[in-house]
Amino acid sequence: MDTLSYKTLSPSAAQVEHDWVVIDATDQPLGRLCSKVAKLLRGKYKPSYTPYTECGDNVIIVNADKVVLTGKKMTDRVYLGYTGYPGGQTRTTPEVLMRKSMNKHLKPGMHPLFIRVVKGMLPKNRIGRRLIENMHVYNGPNHPHEAQSPKTIDIAKLK
């Protein structure tokens, strides 16, 4: 056999198939759930994973209000932000972000806590900014993405 003829095939953005996946967040630890969601968004569970191509799935998370944080993390953990102005450091907790997700004026599918956690697990470049748009998080068991015929997966089975 001629071993010099082997070629590594890397799929282009047009060749990648993006599936729709539903995950139930009931009684799941937040960090473990979000790390698996970040892998799904990135496409690392697929054999055709390419680091420079958007090859992940679209993820729908339902029952986000039933996610679990162990210990006193819901009130004691602090997320820091900075506005860019002097004295503009902001402090927020997961409890405040969960309350913000209940606001009616917030765009459907945008959950501030999940966006904050998953965004930290994605690359900090233009592909990471595009991937976070493929995540849709809803507090209840219903979601408006039935037309995409998503498949339900058990997040505990993924590594």
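Val118 touches Cys34, Val37, Ala38, Leu41, Ile132 and Met135, if we leave aside its neighbours within four places in sequence. Please keep in mind that this is a predicted model.

Val118 belongs to the largest nonpolar core, which has 29 residues. Within that core, Val37, Phe114, Val118 and Met135 touch the most other members. At least two residues each come from strand S1 (20–24), helix H1 (30–42), strand S2 (58–62), helix H3 (94–100), helix H4 (112–119), helix H5 (126–131) and strand S5 (135–137). Which element gives the largest share? That is H1, with seven residues. Another core lies apart from this one; it has five residues, including Trp20, Val22, Ile60 and Val62. As background, nonpolar side chains in soluble globular proteins tend to be buried together.

Now H4. Leu113, Phe114, Val117 and Val118 are buried there. Looking down the axis of H4, the buried residues fall within an arc of 115 degrees, so they line one face of the helix. In general, an α-helix has 3.6 residues a turn, so residues three or four places apart point the same way. The cover over the buried residues of H4 includes H1, S2, S3, H3 and S5.

Next, Leu131, which sits in helix H5. Is it buried or exposed? Leu131 has 1% relative accessibility, and the cut-off for buried is under 20%, so Leu131 counts as buried. Not counting residues up to four places away in sequence, Leu131 is in contact with Leu41, Arg42, Glu54 and Leu122.

Four strands make an open sheet, ordered S5-S2-S1-S6, with parallel pairing. The edges are S5 and strand S6 (151–152); each has a single partner strand, so one side of each is left without a neighbour in the sheet. H1 packs on this sheet and touches S1, S2 and S5, and its direction makes about 155 degrees with that of S2.

Taking the pairs one at a time, S1 and S6 are joined by two bridges, and Val21 has Lys151 as its bridge partner in S6. S1 and S2 are joined by five bridges, with Ile23 partnered by Ile61 in S2. Between those two strands the chain passes through H1, and this β-α-β crossover is right-handed. S2 and S5 are joined by three bridges, and Val59 stands opposite Met135 in S5.

How many residues of S2 are buried? Five of its five. Asn58, Ile60 and Val62 point one way from the strand, while Val59 and Ile61 point the other way.

His136 is buried, at a relative accessible area of 15%. Leaving aside neighbours within four places in sequence, His136 contacts Trp20, Val59, Ile60, Ile61, Gly109 and His145.

Last, the antiparallel pair. Strands S3 (residues 79–82) and S4 (residues 89–92) are joined by four bridges, and Tyr79 stands opposite Thr92 in S4. S3 and S4 form a hairpin, with six residues between them. In that turn, Gly84 has a positive phi of about 105 degrees.

Key
Residues numbered from 1 in each chain as written. Predicted model: local features only at pLDDT ≥ 70, side-chain atom pairs only at ≥ 80, totals over all residues. Heavy atoms only, no water. Core = buried A, V, L, I, M, F, W, Y, C linked by side-chain atoms within 4.5 Å. Buried < 20%, exposed > 50% of the residue type's maximum accessible area, 1.4 Å probe, protein only. Contact = heavy atoms within 4.5 Å. Pairing = 2+ DSSP bridges. Arc of directions from axis to C-beta. Axes fitted to C-alpha atoms, helices over the stretch in contact; angles between N-to-C directions. Right-handed = clockwise from strand over helix to strand, strands pointing away.
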